[in-house]
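I opened this model to look up its helices, the loops beside them and a few single residues. My notes follow in the order I made them.

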Amino acid sequence: MDTLSDGQLRIEFDKLDTNKDNAITIDELRKYYVPMQEMLGISKQLAESEIEGLIKRLDTDDDGKITFEGNGNYFLSHSTL
């Protein structure tokens, strides 16, 4: 897999940040991630568990959001988005 530039990562981050508040909430992540995982045959329950794990690992200030400056760019560069 090719490495994405910071600019490309920012574009992908902004696609998930639907309310444009510079953070990906659990609801924004869920709207994208659950349908994608269900298409791959992964149960909604497992997808929800993965989302909760992502938020726990990447939410650097415990506000329930992933910011680009925090770990959003890491998340996008290591995911299958």
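I began with the residues of α2 that are buried, and they are Glu28, Leu29, Tyr33, Val34, Met36 and Gln37. The model is a predicted one, and I read every entry below with that in mind.

I then checked the length of α2. The helix covers residues 26-39, which makes 14 residues. From its first C-alpha to its last it reaches 19 Å, close to the 20 Å expected at 1.5 Å a residue.

Where does α2 bend? I found a bend of about 25° at tyrosine 33. A proline, proline 35, follows within four residues of that point. Tyr33 is also on the list of buried residues of α2.

Just after α2 I noted glycine 41, which takes a positive phi of about 85°.

Next I went to α3, residues 44-58. I recorded 15 residues and a reach of 21 Å from the first C-alpha to the last, close to the 21 Å expected at 1.5 Å a residue. The buried residues I noted in α3 are Ala47, Glu48, Ile51, Gly53, Leu54, Ile55 and Leu58.

I looked at two of these more closely.

Glutamate 48 lies in helix α3. I put it down as buried because its relative accessible area is 15%, under the 20% limit. What does its side chain meet? I found a polar contact of 2.8 Å between the side chains of glutamate 48 and arginine 30. Leaving aside neighbours within four places in sequence, glutamate 48 is in contact with Arg30 and Val34. Val34 is one of the buried residues of α2.

Leucine 54 is also placed in helix α3. With a relative accessible area of 11%, leucine 54 is buried. I took the C-alpha separation between leucine 54 and isoleucine 66 and got 8.9 Å; the two are twelve residues apart along the chain.

I turned to strand β1 for threonine 25.

The loop between α1 (6-16) and β1 (23-25) came next, starting with lysine 20. Lysine 20 counts as exposed, at 55% relative accessibility. Its contacts, leaving aside neighbours within four places in sequence, are with Asp14 and Lys15. How is aspartate 14 reached? The side chain of lysine 20 comes to the backbone oxygen of aspartate 14 at 2.5 Å.

Asparagine 22 lies in the loop between α1 and β1. I listed asparagine 22 as partly exposed, since its relative accessibility is 30%.

I also looked up backbone angles. Most residues other than glycine have a negative phi.

I located aspartate 62 in the loop between α3 and β2 (65-67). At a relative accessible area of 71%, aspartate 62 is exposed.

Note on methods:
Residues are numbered from 1 along each chain as its sequence is written. This is a predicted model: local features need pLDDT of at least 70, side-chain atom pairs count only at pLDDT 80 or more; totals for chains, interfaces and linings use all residues. Side-chain values use heavy atoms; hydrogens and water are left out. Helices (H or I, at least four residues) and strands (E, at least two) are DSSP runs, numbered from the N terminus. The expected span of a helix is 1.5 Å times one less than its number of residues. Buried means under 20% relative accessible area, exposed over 50%, partly exposed in between (1.4 Å probe, protein chains only). Contact means heavy atoms within 4.5 Å. A polar contact is a pair of N or O atoms within 3.5 Å; within protein, one must be able to donate a hydrogen and the other to accept it, and residues adjacent in sequence count only if both atoms are side-chain atoms. The bend at a residue is the angle between axes fitted to the seven residues ending there and the seven starting there.
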